[in-house]
Amino acid sequence: MLEACRERGYRVKHQDAIEALQELEDFSMAIVSGFHIAEHLPFEVLQILIQESLRVLKPGGLLILETPNPENIKIATCDFYLDPTHIKPIPPNLLSFLPEFYGFKRTKILRLQEDKELKNSDFVSIHKIIQGASPDYAVIAQKSAKIETIALFDEVFEKDYGLQIDTLMSKFEERLENMQ
């Protein structure tokens, strides 16, 4: 991946995420992102990552962390473990809570890559309950800032994203009730 980035003219380096953040100055970044790294980190290291992200972000800056979604039963019980470097699945409410706990202004869970047809379907089978919830999710956390800066992102933070297992189970129950 590094070589592919270099071929495209990007300045990249292989470095520990915590060390890289600790080298940055306070308020020096607009965005810190970690795509599919949280599930590889011990919980204490994840806490440091979030704290350091808050420190380096400018007011209104965003932290984005994406990880496999354990609300998807197939992901949580099987697919997650296809990567032996994964430590353990992280529930969305826990990963959303951490930035708030450490001082971010607000967080949002975005459930990702669900079957769009299933989202609009009233027919939900057991099969779809097991593997239909969004397979990945991201938490977006925003650092405090002036009201006008925060307001620029209100639309994103107010919208619901993705497909939760609770929604699928409710649709399944409704289908069963209608069959009776």
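Reader: What does Leu98 touch, not counting residues up to four places away in sequence?
Author: This is a predicted model, and in it Leu98 touches Phe43, Leu46, Gln47 and Ile50.

Reader: And which element is Leu98 in?
Author: Leu98 sits in helix α5, a run that covers residues 92-101.

Reader: Buried or exposed, that Leu98?
Author: Leu98 is buried, because its relative accessible area is 3% and the cut-off for buried is under 20%.

Reader: OK, what about Phe101, buried or exposed?
Author: Phe101 also belongs to helix α5. Phe101 counts as exposed because its relative accessible area is 52%, and exposed means over 50%.

Reader: Which residues make up the nonpolar patch on the surface?
Author: Phe43, Leu94, Phe97 and Phe101 form it, and together they have about 360 Å² of accessible area. Helix α5 gives the largest share, three residues. Phe43 is also one of the residues that Leu98 touches.

Reader: Switching topic: where is Lys171?
Author: Lys171 is in helix α10, which spans residues 165-179.

Reader: What's the nearest side chain of opposite charge to Lys171?
Author: That would be Asp122, 4.8 Å away. Lys171 is buried but has no salt bridge.

Reader: Then which backbone oxygen lies 2.8 Å from a polar atom of the Lys171 side chain?
Author: The one of Lys119.

Reader: What else is Lys171 in contact with, leaving aside neighbours within four places?
Author: Besides Lys119, the list has Leu118, Asn120, Ser121, Asp122 and Val124.

Reader: Zooming out, how many helices and strands are there?
Author: The chain has 10 helices and four strands, in the order α-α-β-α-β-α-α-β-α-α-β-α-α-α.

Reader: What share of the residues is buried?
Author: Of 180 residues, 39% count as buried. The chain exposes about 10900 Å², with 55% of that supplied by carbon and sulfur atoms.

Reader: And what box do the C-alpha atoms fill?
Author: Roughly 65 × 40 × 35 Å, along the principal axes.

Reader: Last one: what fraction of contacts with a separation of 6 or more comes from residues 24 or more positions apart?
Author: Those pairs account for 79% of them.

Key:
Residues numbered from 1 in each chain as written. Predicted model: local features only at pLDDT ≥ 70, side-chain atom pairs only at ≥ 80, totals over all residues. Heavy atoms only, no water. Patch = residues over 30% accessible without salt bridge, like charges linked within 9 Å, V, L, I, M, F, W, Y side chains within 5 Å. Areas by Shrake-Rupley, 256 points an atom, 1.4 Å probe, with all protein chains shown as cover. Salt bridge = Lys/Arg side-chain N within 4 Å of Asp/Glu carboxyl O. Helix = DSSP H or I, 4+ residues; strand = E, 2+ residues; numbered from the N terminus. Buried < 20%, exposed > 50% of the residue type's maximum accessible area, 1.4 Å probe, protein only. Lys, Arg positive; Asp, Glu negative; His and termini not counted. Polar contact = N/O pair within 3.5 Å; in protein donor to acceptor, adjacent residues only side chain to side chain. Contact = heavy atoms within 4.5 Å.
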